Amino acid sequence: MQFDEFTGQTVLVTGAASGIGLEQVQAFLAQHARVIAIDIQPRPGVLAATEQLSYQVADVTDVTALTAAIHAGVQQLGTPAIVCNTAGKLDGYRPTLETNLAAWQDLLATDLTSQFIVTNTVLPAMLKQQHGVFVNMASIAGLVAGGGGAAYTAAKHAIIGYTKQLDLDYADQGIRANCIAPGAIETPMNAADFAGDGHMAKWVAGETPAKRWAKPHEVADLTLFLASRHADYIHGTVMPVDGGWLEK
Ligand code: NAI
């Protein structure tokens, strides 16, 4: 996929060290964008340390560390035109009675509140430029039950609501916000499904109309499109990449 518009633009990606976020970083770097990459893990070897990349290690649940990382990245590469709020984790598919308050709060802080903090940190500068695009990572668990446990499903549903309201409030000032709702994407987050004889991974593929897992680059491809001017009229929506999971 080749776009001509990302050269020299700054993109901010959270969850940049692994899986979907890492693919998004690589996809934007390949389009000659500059990328502020934020993750709790150190820079993975596949990401070369170049002037195109500002890699910041920070825990997105730590407001001070997260805002400091964003400011450091902005100082290096400028205000982002595009934000991919991708950092997230699963909740072990635990029902509410097996979820204690600390686990609930930690999951929401990681998957949901981090998006609010990133947004409120970068949005004022975007508004000055009258341009900004948000690609917020939801999930099929943001639309139906069963893609996670109580906390994950609540967080992903809330991300969709938050993104719609963000778009509604600022669309007339040059801001666009949309969600992606991935289905079964083969990343380290789902490593447990592939463990042993891979029984769980096979079951998930069998339950998916397309009969397979997707690779993270398939989510990165949609991210490029949603961030591009070709998607300029696409506002406040949720785009599934799920092999047909939600059609059932
Ligand atoms: P992953 O585990 O490969 O990557 C997640 C990244 O987020 C990791 O690099 C991790 O270090 C980072 N992260 C987690 N907690 C953090 C924290 N507190 N501070 C900073 N960084 C943190 O997972 P994957 O699959 O790439 O997931 C990315 C996003 O996509 C998540 O929001 C996930 O919920 C969503 N998603 C993934 C699906 C899948 O099948 N893999 C399906 C639907 C949604």
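Q165, found in helix 4, is partly exposed, with a relative accessible area of 42% (buried means under 20%, exposed over 50%, and partly exposed in between, with a 1.4 Å probe and protein chains only). The model is predicted, so that local features need pLDDT of at least 70 and side-chain atom pairs count only at pLDDT 80 or more, while totals for chains, interfaces and linings use all residues. Residues are numbered from 1 along each chain as its sequence is written, and side-chain values use heavy atoms, with hydrogens and water left out.

**Q165**
- Between Q165 and A177 there are 9.0 Å from C-alpha to C-alpha, and the two are 12 residues apart in sequence.

**Largest pocket**
- The largest pocket holds about 970 Å³ of space (a pocket is an open set of points on a 1 Å grid over the protein atoms alone, where a 1.4 Å probe fits, with protein on both sides within 12 Å along at least five of seven lines; a volume is the space filled by probe spheres set on the points, which are joined across faces, edges and corners).
- Its lining, meaning residues with an atom within 4 Å of a point, comprises 43 residues, with G88, K89, L90, Y152 and M189 nearest the centre.
- Helix 1 (19-30), helix 3 (101-129), helix 4 (150-170) and helix 6 (199-207) each give two or more residues to this lining (helices are DSSP runs of H or I with at least four residues, strands runs of E with at least two, numbered from the N terminus).

**Second largest pocket**
- The second largest pocket has a volume of about 160 Å³, and H131, V133, R176, A227 and D232 are the closest to its centre among 15 lining residues.
- Strand 5 (132-137) and strand 6 (175-182) each give two or more residues to the lining of this second largest pocket.
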